[in-house]
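Thanks for coming. I will go through one model today, with the sequence and the structure on the screen.

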Amino acid sequence: MALDKATVARIATLARIRVPEEELEPLAAELSGILDWVEQLMAVDTSDVPPMTSVAEMTLPMRDDVVSDGNDRDAAIGNAPRTARGFYAVPKVVE
Amino acid sequence: MSELTALTIAEARAGLRAKKFSACELAVAYNDAVERIKPLNAFITTTPDRALEMAAASDARLAKGEALPLDGIPLAIKDLFCTKGVLTTAGSHILDGFTPPYESTVTEKLWAAGAVLLGKTNMDEFAMGSSTTTSYYGPSENPWRRPGDNRPLVAGGSSGGSAVAVAARAALAGTGTDTGGSIRQPASFCGIVGMKPTYGRCSRWGVVAFASSLDHPGPMTRCVHDAAIMLGTMAGHDPRDSTSAPEPVPDYEKALTGDIRGLKIGIPREYRIDGMAGEIESLWQAGIAWLREAGAEPVEISLPMTKYALPAYYVIAPAEASSNLARYDGVKFGLRIDGDSLDDMYEKTRAAGFGVEVRRRVLIGTYVLSAGYYDAYYLKAQRVRSLIARDFAAAFERCDCILAPTAPSAAFPIGEKADDPVAMYLNDVFTVPADLAGLPAVSVPAGLSDGLPLGLQIIGRAFDEETVLRVGQVLESAASFTHLPSFIAG
């Protein structure tokens with residue numbers, strides 16, 4: 001599976017990672033190499049095989065819908081690079 | 001070389017209780033060793049003052065005869081475990097300055113048992129790597145050197161810093177995480193014991209996520225007995241991790257009876273791969289002979305899907321990583337690069353914050369999960385994963401555990417394989433299958449190849465860490481690996 005430059009640019013945008021123009025081409029070659037190697041999976045007959053959805057056979061437990069932790073604003077925003085009046089601060093989103 | 005840093009956990013525990021030395025003396029000896037190991041870059045953060053405070057508290061309990069299970073035992077913690085009030089980086093630039101306001105469950109259990117924090121160890125960025133060379137903080141160096149060759153060697157990875165600290169006697173034991181081999185492969189490269197328990201045995205809560213269905217916290221120690229002691233404290237159900245297993249934790253030390261008579265040891269024929277070093281094959285044969293002499297019965301088994309484990313892993317792990325790493329957005333913690341808009345800020349922050357291997361895997365993961373490719377790659381890989389688990393289930397109808405090499409080579413020079421991601425991925429060819437199937441496995445140092453350590457691993461049934469440890473200890477005694485690395489800090 002060969003990825004072209006445009007596809008790499010598209011997935012970089014989806015992943016929100018800025019990739020400089022000059023790195024797109026080498027990155028496309030590198031990712032194509034990995035995907036080519038992964039292609040060998042297509043040789044396995046998996047008809048009638050369900051995809052694994054949980055490593056250990058167990059049902060996810062339920063818990064009571066109550067506050068068990070939290071209501072600690074200062075701890076929650078304590079590591080934020082930028083805050084304002086007790087909130088996370090981000091660039092303007094709405095005009 | 002200090003006598004105190006040469007002890008095992010079991011010996012230190014006995015010495016502390018018999019008042020032959022104090023926890024503070026032990027902490028001082030290890031703090032000094034941590035200083036001396038600096039050239040190997042095993043630690044990202046050291047916490048000597050905290051170590052002394054924790055040791056003083058241990059001494060107070062020991063004086064009152066109220067010793068806890070790990071009182072006074074100095075540990076190196078992989079920098080993937082969140083430690084309250086202590087910088088936690090995951091080896092990444094994007095977590096610059098992150099000081100968790102909470103403690104991971106596993107480390108919380110260790111401190112509650114009286115263990116002492118020496119520092120946080122270096123690792124491949126977000127645990128993505130097999131050499132501890134992708135860390136933002138630079139590579140760790142293996143304390144071993146090939147005789148007559150001065151080139152620095154990789155520690156293995158991703159838990160390379162913990163492996164180096166334990167091997168060079170700068171920590172009595174350490175923690176690691178194993179997603180594709182990240183405990184067992186560095187243990188093999190550094191000549192120590194690395195144990196990956198069953199998926200769900202040790203809580204993932206507070207461990208920085210890489211691939212949630214594959215991440216296994218576990219101990220890294222100098223002997224199998226110490227692994228049993230550490231696991232006994234680290235394991236256990238945790239309601240804060242929804243995949244944590246509600247299984248009782250047995251007394252792992254009691255499982256070390258030394259008696260493996262009658263056990264059937266599976267020898268998977270698919271683990272003989274093309275181009276495998278002759279020393280690894282002969283070490284494997286030696287391991288088979290040792291277990292036979294101890295009264296076990298080797299049986300040939302088949303795990304036909306083995307060759308598909310790595311490619312399946314390199315779809316599933318990047319897919320989960322691309323999702324888990326979406327949280328690093330410059331808003332809630334860590335690095336932020338300002339931009340003209342929210343998206344501009346996200347893209348600049350993530351471009352600056354992630355190294356090349358992390359970027360590579362996030363992009364692969366994004367691609368295999370994107371519209372039109374999800375079925376072809378991600379679901380296909382998860383179906384193959386089911387087949388890999390079935391292989392093991394069928395094998396365990398014929399045997400009680402499996403013996404195999406841990407890694408296809410000994411430690412290689414830093415910088416080698418750096419330009420070829422697939423060559424680097426092949427390091428995990430023998431370790432990845434047990435991660436995909438969630439099975440317990442221990443790597444034990446079993447011999448030398450050209451002066452460098454090599455490990456053999458025992459893989460067991462889900463939640464049967466006891467058999468894995470028991471057979472691992474018999475293997476350890478038979479191999480009687482007493483070689484030491486060229487660099488000893490303590």
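Where in chain B is B:Gly415 found? B:Gly415 is in the loop between S9 and helix H13 (421-425) of chain B. Helices and strands here are DSSP runs numbered from the N terminus, with at least four residues of H or I for a helix and at least two of E for a strand.

Before going on, some housekeeping. This is a predicted model, in which local features need pLDDT of at least 70 and side-chain atom pairs count only at pLDDT 80 or more, while totals for chains, interfaces and linings use all residues. Residues are numbered from 1 along each chain as its sequence is written, and chains are lettered from A and ligands numbered from 1 in the order in which they are written.

Back to B:Gly415. With 13 C-beta neighbours inside 10 Å, B:Gly415 counts as partly exposed. The cut-offs are these: a residue is buried if 20 or more other C-beta atoms lie within 10 Å of its own, exposed if 12 or fewer, and partly exposed in between, with C-beta atoms placed from the backbone. B:Gly415 is 282 residues from B:Thr133 in sequence, yet their C-alpha atoms are 8.1 Å apart in space.

Now chain B as a whole. Chain B has 15 helices and 11 strands. Its radius of gyration is 21 Å, close to the 23 Å that the globule rule gives for 490 residues, so chain B is as compact as a globular protein of that length. That radius is taken over C-alpha atoms, and the rule is 2.2 Å times the number of residues to the power 0.38. Along the principal axes, the C-alpha atoms of chain B fill a box of roughly 65 × 55 × 50 Å. Of the 490 residues of chain B, 62% count as buried. Among its contacts between residues at least 6 apart in sequence, 78% join residues at least 24 apart. A contact means C-beta atoms, placed from the backbone, within 7 Å.

Next, the core. The largest nonpolar core holds 168 residues, and B:Leu75 and B:Val116 touch the most other members. Such a core is a set of buried Ala, Val, Leu, Ile, Met, Phe, Trp, Tyr and Cys residues joined through C-beta atoms within 7 Å. Helix H9 (residues 306-324) of chain B gives the largest share of this core, 11 residues. Beyond its neighbours within four places in sequence, B:Leu75 contacts residues including B:Leu110, B:Val116, B:Leu172 and B:Thr175.

How is strand S3 of chain B paired? S3(B) runs antiparallel to S1(B), with three bridges joining them, and B:Thr45 stands opposite B:Lys120. With S2(B) the pairing is parallel, over five bridges, and B:Lys78 has B:Thr121 as its bridge partner in S3(B). Two strands pair if DSSP finds at least two bridges between them. Six of the six residues of S3(B) are buried, so the strand is largely enclosed by the rest of the structure.

Helix H2 (residues 23-36) of chain B packs in this area. Its 14 residues reach 20 Å from first C-alpha to last, close to the 20 Å expected at 1.5 Å a residue; the expected span is 1.5 Å times one less than the number of residues. Its buried residues, among them B:Leu26, B:Tyr30 and B:Val34, pack against helix H1 (9-17), strand S1 (43-46), helix H3 (48-63), strand S2 (74-78) and strand S3 (116-121) of chain B.

At the other end of the numbering is helix H15 (residues 465-479) of chain B, whose 15 residues should span 21 Å, and whose end C-alpha atoms are 20 Å apart, which agrees. The partners of its buried residues include helix H7 (224-234) and strand S10 (441-449) of chain B. B:Ser480 follows H15(B) and has a positive phi, near 35 degrees.

Last, chain A. Chain A has three helices and two strands, in the order α-α-α-β-β from the N terminus. Its radius of gyration is 22 Å, well over the 12 Å that the globule rule gives for 95 residues, so chain A is more spread out than a compact globule. Of those 95 residues, 16% count as buried.

Technical notes: Two residues are in contact if their C-beta atoms, placed from the backbone, lie within 7 Å.
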